[in-house]
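Please prepare a briefing on the structure shown below. Cover selected residues, the build of one chain and its interface with another.

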Amino acid sequence: MNEPNREGILDRLTEPLQDDPELRLDVRAELAAHLEDKACELREQGTAAEAARNEALRALGAPAEIGADLLVANRPRMKRRARIRLALRALAVPLAIVAALWCAGMGQLLDYAASVDMLTANAMTPPWLRRKGLRAGPKPFTPEQELVLHGDRSRKGRATQQRAIWERWPDNLTYLRNYATYLLVDYGQLGESPTERLKKFESEMRMAMRKDPENARYHHLLAAKMLEQAAEIKKGPTGKAKADRRSPRYRLEVKDRDLLDRAMAEFRKGLAKPMLRRGAAEMLSERLRILGPPRRRLDQIRRIALAAAVLLPDLAVYRNLARAAGPYAGLLVAEHRKDDAAPFLDAWEKLALQLNDDAFTLIDELVVLAVIDLGSSQAAEVCERAGTPDRAEAIRHRAEALGAVIRDWRRSVQDKTHGEQLKHQLRQHAGILSSLLLPALGSESLSDMDALAPDRLLDYTLAEEGLAGAISLTLLALMLGALGAALWRRLLDRKRPPPLYLLPDARSLAGIVLFGIAAPALVYVILTHWTSFGGREYSLPYQWPRFMAQATVLLAVVTASCGGLAASWARRRCEALGLPCPRPWPTKRMRRVFTASVFLLFLVSLLPAEALSGTEFDWATITVVVLSALVGVMLFLRGAVALAMALCAPRDQAFYRGTLARSLVPMLAVAVMAWSAVSRPWLIRQEGELIRRDTLMSTPSEGLIGFTSVEAHLARRLKQGVEEAAKQLGSRRGR
Amino acid sequence: MEFTPELIKGTVVPIVLKLLDERPMYGYEIIKLVNRRTENAFQWKEGTLYPWLHRLEADGLVRGEWQVAPSGRRRKYYTLTRRGRTAMVSKLEEWRALSTAVNTLLLGPVTT
């Protein structure tokens with residue numbers, strides 16, 4: 001029997017299996033191998049080649065009978081394979097896309113955009129994104145929580161939006177105080193003319209005074225707005241003395257004396273109140289409580305941003321009142337009304353202590369110092385002009401003592417030597433957020449270097465999240481490239497039988513997951529997190545070349561392993577099925593160059609910290625950049641060439657290329673899903689753990705409130721220092 | 001001596017499983033070994049072995065894997081799985097019990 005007959009018999013034998021072309025080819029190849037073995041043995045026993053082939057075919061049995069038996073034997077398998085194939089074709093690509101986008105943190109990008117919207121109230125942001133804004137946890141906010149966080153957004157104007165919170169809970173004084181803040185912010189919207197605005201503002205302030213009678217704030221706010229209309233505070237000539245430079249002289253250009261007297265009378269009433277409460281700390285505290293503890297860096301930034309965005313519009317009000325009190329007292333002295341002037345000569349101290357009592361941020365403490373310095377210098381000058389130098393000296397002495405703790409801290413921050421040391425330490429060991437925030441707080445904010453670790457490691461974790469996303473997107477790009485090439489081949493070769501869709505077996509998939517995903521990830525984690533080779537005791541900006549090398553190696557290894565393992569599985573399978581396979585590409589030499597580059601990059605990543613500091617563009621850094629670029633280009637070229645080969649395959653390779661492209665899709669989809677499932681949850685857990693451990697950049701706890709924990713502690717120390725000084729001076733607040 | 005096909009059918013599974021317990025083999029190798037060990041007593045139609053192998057593979061008792069032999073030929077080798085080994089033990093027990101019973105009935109002394 002000649003060769004065409006043998007092929008015909010094999011076709012007939014396997015015809016019942018035609019619904020599963022891969023299985024049919026597999027069985028066909030197995031029977032062909034059997035015939036070959038049998039014929040070969042017969043030839044070795046001396047049978048002629050032709051006769052040996054015929055005898056082998058005869059010994060195999062009747063084709064129709066065996067074909068029917070094969071169908072019966074394989075039917076369950078064919079059904080199962082058809083179901084798997086259908087599931088893979090329907091689900092693999094969409095699931096891989098979702099997994100890759102999830103791993104790349106696309107959802108988080110939207111959250112970031114929404115946070116920016118939250119902070120900037122950007123009207124350009126689409127409403128669906130804006131609504132997503134402050135979703136802190138798995139549960140959506142209740143309508144009440146939404147109201148406390150944002151006010152009633154259906155209303156026009158921020159003050160009326162915030163008024164809605166107080167209207168909902170009219171007994172809550174914090175909400176009333178919060179409304180007063182926004183009333184001050186939106187003062188310009190209160191009416192057409194200055195008189196109309198003042199009238200409306202006064203009416204709201206009087207109402208607030210009735211509801212919150214112990215609070216000095218409404219009197220101060222009203223006084224400040226009256227003062228704005230009654231007089232202009234002008235800067236006088238600056239003296240040469242250091243104290244004068246610190247606190248320039250001010251004078252009043254009176255426009256409406258009656259209104260000025262009313263304003264200052266209101267100010268006096270405020271100073272006589274037992275307390276000043278702005279409600280900012282309480283409001284922030286409540287909003288942070290609604291948001292819950294941060295679990296991600298985004299949550300942390302949102303909370304810091306929320307704290308930083310707390311409106312403190314009255315700080316300028318108190319500064320102006322402190323500036324005006326002295327000159328007003330001078331005016332009264334000039335009018336021979338010394339007794340009336342006396343309360344305004346002490347106003348700075350009372351105001352400073354009222355403010356200090358409500359202070360919770362460093363800005364508050366700086367305003368307390370400004371009130372002390374501005375007010376006391378104006379008052380001392382009035383005393384000197386009034387011929388009471390002893391009193392002027394006493395005022396200066398009290399101001400010096402009262403503001404000493406804040407001045408000392410400010411001097412320490414401005415000290416260049418300490419500042420440089422701090423910056424150097426922060427550059428080497430601090431996270432990016434700490435480096436931005438801590439220099440303004442001075443070296444005392446950094447009493448414990450270990451405290452820098454969580455924020456520093458968080459930078460690496462975030463960078464690794466980016467890396468994980470890049471790897472998943474690279475694998476996704478490979479998968480989509482294969483899918484595109486397969487579809488293109490189907491389109492080109494419509495008249496020929498479609499390329500095979502090789503069903504990946506469990507072992508091949510396990511191989512990809514184990515050797516392409518788990519093993520590189522595990523080695524990376526062990527090396528970077530559990531040994532000193534990771535360089536994690538230094539900051540990411542300081543050791544960026546090391547991280548770049550580590551990231552490139554991981555990306556190259558995962559991508560090349562997954563792509564390579566999938567392609568070599570498909571090739572082996574095609575060879576087993578007897579498909580003609582062209583010579584593999586890339587060649588051994590090219591593979592060696594790629595492996596050597598990756599290995600060299602790996603070796604460079606093990607260099608000591610000094611050699612890899614990103615502060616200088618030295619040979620190690622250049623090596624990392626060049627090798628990373630080279631590896632990246634080689635990976636890209638490999639993918640591009642594979643795609644081009646699939647798209648423009650010559651006729652004799654078209655079936656193989658099409659089969660390769662089609663069969664790579666499920667394998668790469670599984671790789672994308674496995675990588676996303678391995679990397680993303682681990683990194684998110686790591687991020688949450690580091691945020692929980694972070695004692696510097698966390699929003700404060702232990703009854704403190706403010707921007708960050710470290711600032712809140714500092715603000716509390718300064719506040720207590722001023723209180724201590726006031727106690728020693730025997731200062732009295734209020735009535 | 002030629003056996004009836006029904007009788008042969010009942011022996012294929014235990015024989016294949018028992019042989020694969022020795023080492024992974026490809027189809028033709030199994031046939032050769034059966035013929036040699038039974039001195040060609042079993043005249044299996046060679047093609048009938050493959051449906052049996054595929055059945056066993058579908059049932060998870062054996063695993064087929066393409067390998068390249070030292071000669072350069074590509075062959076599908078079958079390996080016994082853990083389930084296959086358990087099944088083999090059970091089949092051998094079954095066979096032992098059956099053959100004892102049949103021997104007793106057919107070849108044993110006649111009693112009343």
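A:His336 is exposed in this predicted model, with a relative accessible area of 73%; exposed means over 50% relative accessible area, buried under 20%, and partly exposed in between (1.4 Å probe, protein chains only). This is a predicted model in which local features need pLDDT of at least 70 and side-chain atom pairs count only at pLDDT 80 or more, while totals for chains, interfaces and linings use all residues. Residues are numbered from 1 along each chain as its sequence is written, chains are lettered from A and ligands numbered from 1 in the order in which they are written, and side-chain values use heavy atoms, with hydrogens and water left out.

**A:His336**

- A:His336 sits in the loop between α16 (314-334) and α17 (338-345) of chain A; helices (H or I, at least four residues) and strands (E, at least two) are DSSP runs, numbered from the N terminus.
- The phi angle of A:His336 is near 60°, a positive value in a residue other than glycine.
- Most residues other than glycine have a negative phi.

**Buried positions in chain A**

- Helix α28 of chain A (residues 651-693) holds A:Ser663, which is buried at a relative accessible area of 0%.
- Apart from neighbours within four places in sequence, A:Ser663 has contacts with A:Leu500, A:Tyr501, A:Leu502 and A:Trp569, where contact means heavy atoms within 4.5 Å.
- A polar atom of the A:Ser663 side chain lies 3.1 Å from the backbone nitrogen of A:Leu502.
- A:Asn356 belongs to helix α18 (residues 347-358) of chain A and is buried, its relative accessible area being 1%.
- Not counting residues up to four places away in sequence, A:Asn356 touches A:Glu365, A:Val368, A:Lys719, A:Val722 and A:Glu723.
- With A:Lys719 there is also an approach to the backbone: the side chain of A:Asn356 reaches the backbone oxygen of A:Lys719 at 3.1 Å.
- Between A:Asn356 and A:Ile526 the separation is 170 residues in sequence and 51 Å in space, C-alpha to C-alpha.
- A:Ala646, in helix α27 (residues 619-647) of chain A, is buried with a relative accessible area of 8%.
- Leaving aside neighbours within four places in sequence, A:Ala646 is in contact with A:Ala485, A:Arg489 and A:Arg657.
- A:Ala646 and A:Leu426 stand 220 residues apart in sequence and 52 Å apart in space, C-alpha to C-alpha.

- Chain B contains 4 helices and 3 strands, in the order α-β-α-α-β-β-α from the N terminus on.
- Along the principal axes, the C-alpha atoms of chain B fill a box of roughly 65 × 30 × 20 Å.
- Of the 112 residues in chain B, 39% are buried.
- Among contacts in chain B with a separation of 6 or more, 46% are between residues 24 or more positions apart.
- Chain B has an accessible surface of about 6,900 Å², 56% of which belongs to carbon and sulfur atoms; accessible areas come from the Shrake-Rupley method with a 1.4 Å probe, and for residues only the protein chains shown count as cover.
- A nonpolar surface patch is formed by B:Trp95, B:Leu98, B:Val102, B:Leu105, B:Leu106 and B:Leu107, with about 690 Å² of accessible area together.
- Patches are made of residues with over 30% relative accessible area and no salt bridge, like charges being joined within 9 Å and nonpolar side chains (Val, Leu, Ile, Met, Phe, Trp, Tyr) within 5 Å.
- B:Leu107 lies in helix α4 (residues 82-107) of chain B and counts as exposed at 70% relative accessibility.

**Interface of chain B and chain A**

- In this interface, 22 residues of chain B are in contact with 28 residues of chain A.
- About 2,300 Å² is buried between the two chains, with carbon and sulfur atoms giving 51%; buried area is the accessible area (1.4 Å probe) that two parts lose on being put together, summed over both.
- B:Tyr28, B:His54 and B:Trp66 supply 27% of the area that chain B buries against chain A, more than any other three residues.
- The rule finds 8 salt bridges across the interface, a salt bridge being a side-chain nitrogen of Lys or Arg within 4 Å of a carboxyl oxygen of Asp or Glu.
- A salt bridge joins the side chains of A:Asp26 and B:Lys76 (2.6 Å, N to O).
- Between chain B and chain A, 17 residue pairs are in polar contact (both at pLDDT 80 or more).
- A polar contact is a pair of N or O atoms within 3.5 Å; within protein, one must be able to donate a hydrogen and the other to accept it, and residues adjacent in sequence count only if both atoms are side-chain atoms.
- On the side of chain B that touches chain A, the elements giving two or more residues are α2 (27-37), α3 (46-58), β2 (62-68) and β3 (74-80) of chain B.
- The largest share of that side, 9 residues, comes from α3(B).
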